[in-house]
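Subject: Structure handover

Hello,

Here is the structure I promised to pass on. Please open it and follow along with the notes below.

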Amino acid sequence: MSATAVHSLWTTAAVEPLNTIETPHIEYTQLSPVLIVVGAAIVSVLLEAFVPRKGRYVAQVFLSVLALAAAFAAVVALAAGGYGTTKAQIAAMGAIAVDGPALFLQGTILLASIVAIFTFAERRLDPADHGHKVDSFAAEAAAVPGSEQEKAAVKAGFTTTEVFPLALFAIAGMLVFPAANDLLTLFVALEVFSLPLYLLCAVARRKRLMSQEAAVKYFLLGAFSSAFLLFGIALLYGYAGSVSYATIARVVDGAVVSVDPALAGTMGNDVLLLIGFAMILTGLLFKVGAVPFHMWTPDVYQGAPTPVTGFMAAATKVAAFGALLRLLYVVLPGLTWDWRPVMWGVAIVTMLGGAIVAITQTDIKRLLAYSSIAHAGFLLAGVIAATPDGISSVLFYLGAYSFVTIGAFAVVTLVRDAGGEATHLSKWAGLGRRSPLVAAVFAVFLLAFAGIPLTSGFSGKFAVFKAAADGGAGALVVVGVLSSAIAAFFYIRVIVLMFFSEPKADGPTVAVPSALTTLTITAGVVVTLVLGLAPQYFLDLANQASVFVR
């Protein structure tokens, strides 16, 4: 081909108009809660780089609490502006939903995270080491446990203040996760909150090898669940030709008539839909800790630093159940008859499995881990209702459960012996005589977990069981009540152990916490009693926030 001919091709191509790429339209106001937390997380990383070591702790705690409080204020402002009801919309070019469930869950995550950050910042429980105050986290996370490098870091008074930016990044991911309106945003949010949690699990000051083992187990099993989720997303894309929730829902309902030529061979193939949906469901059920995807929970809860365990147990569950609700109610309402039998089975084995195995536990953190598995089953009963009441009952239960959980783990940090936290149940014998107030507070949390009337646990269980019964899942409610009765046995057993056993002479002591942990435990008790004695206002709030934008 001559040079002239080639030149004419170039000029012809240049004359033809190109398809212009549209400028993204981002609603910054509606996304402000997430943007505030992400911005604070970035500033927090810069603090680690530029603030002298002595000043980092105060700067990080102040920034974290300020950012989370500001983000919560932004959520309240959006809800007051009608974005939870009449002005609910899809923002960020279809990636994020700003509606009632998203704002309610984001508010719950932010409030739970504020009290969890207080437990991260606690520095009075352990005696001072070489004249320096210490917290729950390793002096130098990169040092080999027991090495000279670690001993030097402890002697110098180093602290791992990196836990605060890690927590902020995790919270940012959790805020996006229940609000994600397409499958790619869902996956990115999952990774953004999971990766910091893997690291946070590995940085315990005491029992570092157990902590690192917990982090490795969580990382490996989390990678499996992420792979399932990603494979499921690929299959659903092949089925619907889109990762948008709304488009997938329309294809499921048979409302899409125009077919992408590149995907004509696979679009509408029900095999892709069912397998892809099952894989995504597997990834989400792993995050909520449902049986049989629960194997990581007891080991990780036991090995992680206790403040991280409380934060994970509360906030991760809220985010994961929010994402699960949106997937089932927005994307797959047309498949209700397909997913309900599967979820029935998962809910039953989760409720019974968590309650029965908890009876055999001798470690308080493992006991609370199996308790959280049983609670995931109770929450699934509300999800299965497939009604607006089902959504509102799950939202209320998540709000109530998160504060009880963080409060209970905060109490666990107070009971200590020479090796740190005394988590073996035998060490808790006679605690009610040695420290009546701490034992009484822990008893309140245990009664709430058991669902005893006048606690938030009873209000939450009553709401989800009523929604399940009204939604035609009466048999599930019977199993739930039986599981609650089994679970009540081991909660009451701990209370009897604390108040009706003789304290051992060499038993643990109860550390006197600073105002930070005291505030966390007080918040847990207040929320537990208020939602138990006067739940109606909060039930109404959850009811108003139970409509998904489509």
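Start with helix α3 (residues 53-80) and helix α6 (residues 163-176), whose axes lie 10 Å apart at an angle of about 15°. α3 is therefore roughly parallel to α6. Angles under 35 degrees count as roughly parallel, over 145 as roughly antiparallel, 65 to 115 as roughly perpendicular and the rest as oblique. Axes are lines fitted to C-alpha atoms, for helices over the stretch in contact, and the angles run from 0 to 180 degrees between N-to-C directions. Helices (H or I, at least four residues) and strands (E, at least two) are DSSP runs, numbered from the N terminus.

The model is predicted: local features need pLDDT of at least 70, side-chain atom pairs count only at pLDDT 80 or more, and totals for chains, interfaces and linings use all residues. Residues are numbered from 1 along each chain as its sequence is written, and side-chain values use heavy atoms, with hydrogens and water left out.

The crossing of α3 and α6 is left-handed. That term applies if the near helix is turned anticlockwise from the far one by less than a right angle; clockwise is right-handed. On the α3 side, Q60, V61, S64 and L68 take part, and they meet F164, P165, L168 and I171 of α6. Contact means heavy atoms within 4.5 Å. By class, this contact of α3 with α6 has six nonpolar, two polar and no charged residues. Ala, Val, Leu, Ile, Met, Phe, Trp, Tyr, Cys and Pro count as nonpolar, Asp, Glu, Lys and Arg as charged, and the others, Gly among them, as polar.

α12 and helix α15 (residues 388-412) pack with their axes 7 Å apart, at an angle of about 170°. α12 is therefore roughly antiparallel to α15. The residues of this contact divide into 14 nonpolar, five polar and one charged. From α12 they include A313, A314, F321 and L325, and from α15 they include I391, V394, L395 and F409.

Is L325 buried or exposed? L325 is buried, at 0% relative accessibility. Buried means under 20% relative accessible area, exposed over 50%, and partly exposed in between (1.4 Å probe, protein chains only). Leaving out residues up to four places away in sequence, L325 touches V330, V383, I391, V394, L395 and F548. The C-alpha atoms of L325 and A386 are 9.3 Å apart, although 61 residues separate them along the chain.

Next, the aromatic rings. How many aromatic pairs does a search of the whole structure find? It finds 17. Rings of Phe, Tyr and Trp (its six-membered ring) pair if their centres lie within 6.5 Å; planes under 30 degrees apart count as stacked, over 60 as edge-to-face and the rest as tilted. F378 and F465 are edge-to-face, because their planes stand at 85°, with ring centres 5.9 Å apart. F378 lies in helix α14 (residues 364-384) and F465 in helix α18 (residues 456-470), so the pair ties together parts that are 87 residues apart in sequence. F378 is buried at 1% relative accessible area, and F465 is buried at 10%.

One aromatic cluster is formed by Y198, Y218, F219, F286, W296, Y301 and F409. Take Y218, which lies in helix α8 (residues 208-240). Y218 is buried, with a relative accessible area of 0%. Among the residues that Y218 touches are Y198, F286, W296 and M312, not counting those up to four places away in sequence. The C-alpha atoms of Y218 and M295 are separated by 9.6 Å, with the two residues 77 apart along the chain.

Last, some backbone details. Most residues other than glycine have a negative phi, and most peptide bonds are trans. V291 and P292 are joined by a cis peptide bond, with omega about 5°. P292 is in the loop between α10 (270-288) and α11 (296-303). A92 has a positive phi, near 55°. A92 is in the loop between β1 (89-91) and β2 (96-98) and is buried, at 15% relative accessible area. K207 also has a positive phi, near 50°. K207 is in the loop between α7 (183-200) and α8 and is partly exposed, at 46%.

Best wishes
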